[in-house]
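Here are some notes for a first look at this structure. Please read them with the model open beside you.

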Amino acid sequence: MIELVAIGLATILVAALTVPAGFGLSTMLTPLVLLLMGPHEAVAVIAIVHGAHNAGKFAALKEHVDFSAFKRYGIWLVIGSILGALLQNQFPQDPLLAIIGVFLVI
């Protein structure tokens with residue numbers, strides 16, 4: 001239980017730190033979540049947190065959203081995220097962990 005509370009507080013702190021930069025939530029939060037669960041579950045948890053974070057940013061900044069860019073790239077981002085979610089269940093845990101590590105380093 002203590003670990004979940006710590007991750008929850010870390011999530012709030014990390015989200016607050018990444019709003020001005022516009023990126024970094026997954027980079028900072030993924031290693032913390034990986035301490036508690038395997039890569040498959042961690043990817044799902046990070047996706048939920050990322051979605052909620054983006055919804056909050058959208059609600060706060062919707063008058064500044066460039067909807068032409070959203071129309072141009074949004075559908076491809078949705079398709080890519082669905083494909084990624086389907087494919088991540090096809091990989092064993094160890095290679096998935098290595099792939100996540102490489103992307104976090106890059």
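Which residues form one aromatic cluster?

1. **The aromatic cluster.** Phe 58, Phe 67 and Phe 70 are the ones that form it. A word of caution before going on: this is a predicted model. A search of the whole structure gives 2 aromatic pairs. In one of them, the ring centres of Phe 58 and Phe 67 are 6.3 Å apart and the planes stand at 85°, so this pair is edge-to-face. The other joins Phe 67 to Phe 70, with 6.4 Å from centre to centre and 85° between the planes. That pair is edge-to-face too. Phe 67 takes part in the pair with Phe 58 and in the pair with Phe 70.

2. Phe 67 and Phe 70 are both in helix 4, which covers residues 67-88. They are 3 residues apart, about one turn of the helix. How exposed is each ring-bearing residue? Phe 58 has a relative accessible area of 40%, so it is partly exposed. Phe 67 is partly exposed as well, at 41% relative accessibility. Phe 70 reaches 55%, and because the cut-off for exposed is over 50%, Phe 70 counts as exposed.

3. **The overall layout.** Now step back to the whole protein. It has 5 helices and 0 strands. From the N terminus on, the order of elements reads α-α-α-α-α. The C-alpha trace spans about 40 × 30 × 25 Å along its principal axes. Of the 106 residues, 21% count as buried. Take the contacts with a separation of 6 or more: 63% of them come from residues 24 or more positions apart.

4. **Helix 1 against helix 2.** Helix 2 covers residues 25-34. Its axis and that of helix 1 come within 9 Å and cross at roughly 165°. The two helices are therefore roughly antiparallel. Their crossing is right-handed. Helix 1 brings Ile 7, Ala 10, Thr 11, Val 14, Ala 15, Leu 17 and Thr 18 to the contact. Helix 2 brings Leu 25, Met 28, Leu 29, Leu 32 and Val 33. By class, the contact has 10 nonpolar and 2 polar residues, with no charged ones.

5. **Helix 1 against helix 3.** Helix 1 covers residues 2-21. Its axis comes within 12 Å of the axis of helix 3, and the two cross at roughly 45°. That angle makes helix 1 oblique to helix 3. The crossing is right-handed. On the helix 1 side the contact is made by Thr 11, Ala 15, Thr 18 and Val 19. On the helix 3 side it is made by Val 49, His 53 and Lys 57. Which classes do these residues fall into? They divide into 3 nonpolar, 3 polar and 1 charged.

6. **His 53.** This residue lies in helix 3. Is it buried or exposed? His 53 is buried, with a relative accessible area of 12%. Leaving aside neighbours within four places in sequence, His 53 is in contact with Ala 15, Thr 18, Val 19 and Leu 25. Among them, Ala 15, Thr 18 and Val 19 belong to the helix 1 side of the contact with helix 3.

7. **Helix 3 against helix 5.** Helix 5 covers residues 93-105. The axes of helix 3 and helix 5 come within 9 Å and cross at roughly 45°. Helix 3 is thus oblique to helix 5. Pro 39, His 40 and Val 43 of helix 3 make the contact with Gln 93, Leu 96, Leu 97 and Ile 100 of helix 5. The residues divide into 5 nonpolar and 2 polar, with no charged ones.

8. **His 40.** Helix 3 covers residues 39-61, and His 40 has its place there. His 40 is buried, at a relative accessible area of 17%. What does it touch, not counting residues up to four places away in sequence? His 40 touches Gln 88, Asn 89, Phe 91, Pro 92, Gln 93 and Leu 96. Of these, Gln 93 and Leu 96 are also named on the helix 5 side of the contact with helix 3.

Conventions:
Residues are numbered from 1 along each chain as its sequence is written. This is a predicted model: local features need pLDDT of at least 70, side-chain atom pairs count only at pLDDT 80 or more; totals for chains, interfaces and linings use all residues. Side-chain values use heavy atoms; hydrogens and water are left out. Rings of Phe, Tyr and Trp (its six-membered ring) pair if their centres lie within 6.5 Å; planes under 30 degrees apart count as stacked, over 60 as edge-to-face and the rest as tilted. Buried means under 20% relative accessible area, exposed over 50%, partly exposed in between (1.4 Å probe, protein chains only). Helices (H or I, at least four residues) and strands (E, at least two) are DSSP runs, numbered from the N terminus. Contact means heavy atoms within 4.5 Å. Axes are lines fitted to C-alpha atoms, for helices over the stretch in contact, and angles run from 0 to 180 degrees between N-to-C directions. Angles under 35 degrees count as roughly parallel, over 145 as roughly antiparallel, 65 to 115 as roughly perpendicular and the rest as oblique. A crossing is left-handed if the near helix is turned anticlockwise from the far one by less than a right angle, and right-handed if clockwise. Ala, Val, Leu, Ile, Met, Phe, Trp, Tyr, Cys and Pro count as nonpolar, Asp, Glu, Lys and Arg as charged, and the others, Gly among them, as polar.
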